[in-house]
Amino acid sequence: MLKKSVFAASFCFFVVRAGFGQSATIEGIVKDARTREPLAAVNVVLGEYAGTATDGDGKFEISVAPGQYTVSFYYLGYETLSQAVTATGGGNVFLEINLQETEILSSVVVVSAGKFEQNLGDLTVSMEVLKPNIVENKNTTSMDEAIQQTPGVVIVDNEPQIRSGSGFGFGAGSRVMVLVDDLPILSGDAGRPSWGYLPVENLQQIEVIKGASSVLYGSSALSGVVNVRTAYPRSAPETKIAFFSGFYSDPRTKEAKYWDKTPIFNNLNFLHSRIIGHLDLVVGGSFLSDQGHLGPLEGFEETYDPMEVGRAAGDVRGRMSLNLRHRNPAIPGLEYGLNGSWQSSESVTTLLWDSIGTGLYRPYEGAATRTDQILLNIDPFVSFVTHKGTRFSLKGRYYKQENHNSNEQDNFSDVFFGEFQMQQHFEPLGIKQFTITAGAVGIRTSGEAELYAGNPKGDGKNDAHNYAGYLQLDKTFWARLTASGGVRYEYFKINGDDEAKPVFRAGVNYHLARATYLRASFGEGYRFPTIAEKFIRTAVGSVNIYPNPALQSETGWNAEVGFKQGYRIDTFRGFVDLAYFRQEYKDYIEFTFGQWGTVQDPLFGLGFRSVNTGKSRVSGAELSVMGEGKIGEVLVQALCGYTYTRPVSLTPDFEYAEDVTYLNTSSDTTDYLLKYRMQHLVRADLEFSYAKLTAGVSFRYNSFMKNIDNIFMILDDDPQNPNSLGLLPTGIAEWRRENNDGDYVIDLRIGYKIARHHKLSLVVNNLLNREYTIRPLLIEKPRTVSLQYALSYNAPN
């Protein structure tokens, strides 16, 4: 009897022990409460010490000991949700979690400021976000057409300016880093963006950082960053096709019309994205045939041949893009893939108009260049996220550019880019809202160009190397104070010249009230000259462009204080942002006129080259307003802003060369304003949607560019200036006297959804057909009218 009792007791003990010894599983799926789309990378935290993140399908799984737990779900842009669960030995607990979006400052999620997802309201720097509707609904053929709608941004002859941080550099050297999915897309030799190469058909959003961002993004981010983020597939396959066709209106100046057949343009964009098992697939592309508004070129015969480029500003191009991402089911957290694009184009660009009046839309003789271009990028990547919140990533980009130019100065460049990054989110380790980001970057550029034969060997073959390491820390204290700090060490070498320098940044953001944020930031910047700035040797008509092998790097810093206030009116919500900023530069690089050659050269050696111009300062203030939501039954989206800057030379007497200073090369030295800047910018875009109807309006105002290179005034044939020489009679002096109030442009768009998947739109850009310039001596487009058909189809799962 005793033996039976002991056996029974022992059996019960082992059963109970086995039950308690078995682990339990807590699993589930996390979705957006409104769209029902699965949410990837949601932080799932169990108590204080354990956690994981959802995979690409929104699913998660955690093994735990039996007991009671509180599971919390954290995701930027969504309200945190916590749920109590009881786990029993050997059992599974399945949770279906639906997260609600928060206020707009939290629901707008960006990655560019810290290289990880952050709420817009928590940033320590100024940033604007452009949504896809601005690009898709305005019949955009080149990404700069959309970016110029950003408050504080202006595109001067393809060169981006943010808050007057740049002037005009003849297409060489950018102080704004342009990225596609966090990878640089500037040309390796000239540091110039190819806006028409960027994928307008596949856009998640455009993020624009204002201010020095060199710690995370390197040399070209001296004034800011433009990051074009493409979209990955959603759960349902999607196909989009957009075709539009349009024409240029006759110029307002009647005698400037040179055509009998109205110039036209046609564009086709297409996109297909889907998830195939664990593979994300995106295929897209575009084809553009734009006859252009400038011209004609010599021997031009008017035709409607879509492949013919016979006018200045004409452009024919075709591009294909492919994005692949695979989520490894056998190793949770492992992703790898390959992205790539290829484009072939033929275009004509011009530096100078012929004259005002009859020559306003014609290129100056010898100033137009025809370019046959090939662009190619291949981007392999791999990333791995551990269950402890550590993320490792390795990204690469091969970027090839071939330019075959009609002036017999072809240029070719190959860029090899690689970045390794480690990022630790500490939530799974029990430390909330703390992130460390560290990385190493290597870039090699190999260039060969007759255009850059000003190098020491005179052979046009140049090599550039750039290596850097960076570290950034981001931490939120007491759920209100966010602090960010970082450092970067950068090394550059072009041919035999090299140098290195560290840069630093820091910022804080204080969440003063529910939707009220105060911020302050300081950041250093550093930019090494490009191959083009140092070694270019060419001519535009009779004007020579000279190399400057002795050109030094420029440095600077940016400081800002800002206030962001969220607001909500019924279901319409948004924010108001006010910022004061100041930037200072040393050894500032400007494209400047002087006697850089010998008296045997054309114009006795007079021409342009890039030089260090001493010290400068840009200060100012900016107000921007963003909003989205319904007013009654009408959905309204708004982005508006006003920017004032005061860009000045701090060393107007500094001699760049013998007898060459700011004072004697500027057309207007009042207040020592820097050249090619606009002090006042106004931007506004409003879009209204009701039932099947959509309507939008864009407004841009640029104040008068007070100061340009004085040589253009001297070479002009100006009856009011007895000192004008008449060697380059463009009429620029008279044009500036008659157009000194600034320029404003209004664009209009109206769309109607004719069926579930089909939409027709009418787009009128430059509605009032204003004649205006952004960069002097280059007239912008007259009014354009286009009709778009768009197909958008989401297949059922």
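Residues are numbered from 1 along each chain as its sequence is written, and side-chain values use heavy atoms, without hydrogens and water. In this predicted model, local features need pLDDT of at least 70 and side-chain atom pairs count only at pLDDT 80 or more, while totals for chains, interfaces and linings use all residues.

Visitor: What is the bridge partner of Tyr-248 in β42?

Guide: β17 also pairs in the antiparallel sense with strand β42 (residues 784-794), over 11 bridges. In β42, the partner of Tyr-248 is Thr-784.

Visitor: How many bridges join β5 and β6?

Guide: Strand β5 (residues 67-74) runs antiparallel to strand β2 (residues 43-46), to which 4 bridges join it, and Val-45 stands opposite Ser-72. With strand β6 (residues 81-87) β5 is again antiparallel, and Phe-73 has Leu-81 as its bridge partner. The number of bridges between β5 and β6 is 7.

Visitor: Which element gives the largest share of the lining of the largest cavity?

Guide: A cavity is a set of points, on a 1 Å grid over the protein atoms alone, where a 1.4 Å probe fits but cannot get out; lining residues have an atom within 4 Å of a point. The largest cavity holds about 550 Å³, a volume being the space filled by probe spheres set on the points, which are joined across faces, edges and corners. Its lining has 36 residues, with Met-177, Ser-220, Ile-443, Asn-466 and Phe-492 nearest the centre. The largest share, 5 residues, comes from β27.

Visitor: What accessible area does the nonpolar patch on the surface have?

Guide: Areas come from the Shrake-Rupley method with a 1.4 Å probe, and only the protein chains shown count as cover. β28 (497-513) and β37 (634-649) each supply at least two residues, and Phe-563, one of the members, lies in strand β32 (residues 554-569). Together the patch residues have about 670 Å².

Visitor: Where is Gln-433, with its positive phi, found?

Guide: Most residues other than glycine have a negative phi. Gln-433 has a phi near 55°. Gln-433 is found in the loop between β24 and β25.

Visitor: Which peptide bond is cis?

Guide: Pro-296 is found in the loop between β19 (279-290) and β20 (315-327). With omega near 0°, the cis bond runs from Gly-295 to Pro-296.

Key
Two strands pair if DSSP finds at least two bridges between them. On a 1 Å grid over the protein atoms alone, a cavity is a set of points where a 1.4 Å probe fits but cannot get out, and a pocket is an open set with protein on both sides within 12 Å along at least five of seven lines; lining residues have an atom within 4 Å of a point. Patches are made of residues with over 30% relative accessible area and no salt bridge: like charges are joined within 9 Å, nonpolar side chains (Val, Leu, Ile, Met, Phe, Trp, Tyr) within 5 Å. A salt bridge is a side-chain nitrogen of Lys or Arg within 4 Å of a carboxyl oxygen of Asp or Glu.
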